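Welcome! Take a moment to look over the chain below, and then let's walk through it together.

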Amino acid sequence: MSKMAGKVVENIARKFENVREGVKSVMGGRVLEYEAKTILRQGIEEGKMEQAKETAFALRAMGLKKDAIEKAVNVNAAQLEEWFLEKPAEA
């Protein structure tokens with residue numbers, strides 16, 4: 001149990017030893033998911049996708065074929081096509 005979870009349990013169940021011990025046994029060893037942690041993880045994933053998108057555009061500008069770009073940035077053909085429709089190649 002994390003230190004924070006332990007403190008919460010201690011404060012909630014301060015007067016009830018059996019409740020406190022029961023909650024500790026149920027929660028023990030589990031990682032609590034905090035909203036901030038979820039937001040951070042989503043931000044990291046969005047950042048990775050944005051970087052992949054920028055790289056895809058750069059590779060396209062260098063003349064690489066779509067299948068090579070898919071492999072290089074690790075996205076499927078549908079995702080790559082969606083990006084390229086947003087910003088067509090310059091002539």
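## The overall layout

Helices (H or I, at least four residues) and strands (E, at least two) are DSSP runs, numbered from the N terminus. Read along the sequence, this chain follows the pattern α-α-α-α-α, with five helices and zero strands.

A word on the source: this is a predicted model, in which local features need pLDDT of at least 70 and side-chain atom pairs count only at pLDDT 80 or more, while totals for chains, interfaces and linings use all residues. Residues are numbered from 1 along each chain as its sequence is written, and side-chain values use heavy atoms, with hydrogens and water left out.

Of the chain's 91 residues, 19% count as buried; buried means under 20% relative accessible area, exposed over 50%, and partly exposed in between (1.4 Å probe, protein chains only).

## The nonpolar core

A nonpolar core is a set of buried Ala, Val, Leu, Ile, Met, Phe, Trp, Tyr and Cys residues joined through side-chain atoms within 4.5 Å. The largest one here has ten residues in all, among them Ala 52, Phe 57, Ile 69 and Trp 83. Helices α3, α4 and α5 each supply at least two residues of this core, and the largest share, four residues, comes from α3.

## Where α3 meets α4

Helices α3 and α4 pack at an angle of about 150°, with their axes 10 Å apart. Here axes are lines fitted to C-alpha atoms, for helices over the stretch in contact, and angles run from 0 to 180 degrees between N-to-C directions. The contact (heavy atoms within 4.5 Å) is made by Ala 52, Thr 55, Ala 56, Leu 59 and Arg 60 of α3 together with Ile 69, Ala 72 and Val 73 of α4.

## The two sides of α5

Which residues of helix α5 (residues 77-86) are buried? They are Leu 80, Trp 83 and Phe 84. These residues cover an arc of only 95° around the axis, which puts them on the same side of α5; the arc is that of the directions from the helix axis to the C-beta atoms. The buried residues of α5 pack against α3 and α4, while Ala 78 and Leu 85 are exposed on the other side.

## A buried lysine

Lys 53 is found in helix α3, which spans residues 35-61. Lys 53 counts as buried because its relative accessibility is 17%. Leaving aside neighbours within four places in sequence, Lys 53 is in contact with Trp 83 and Glu 86.
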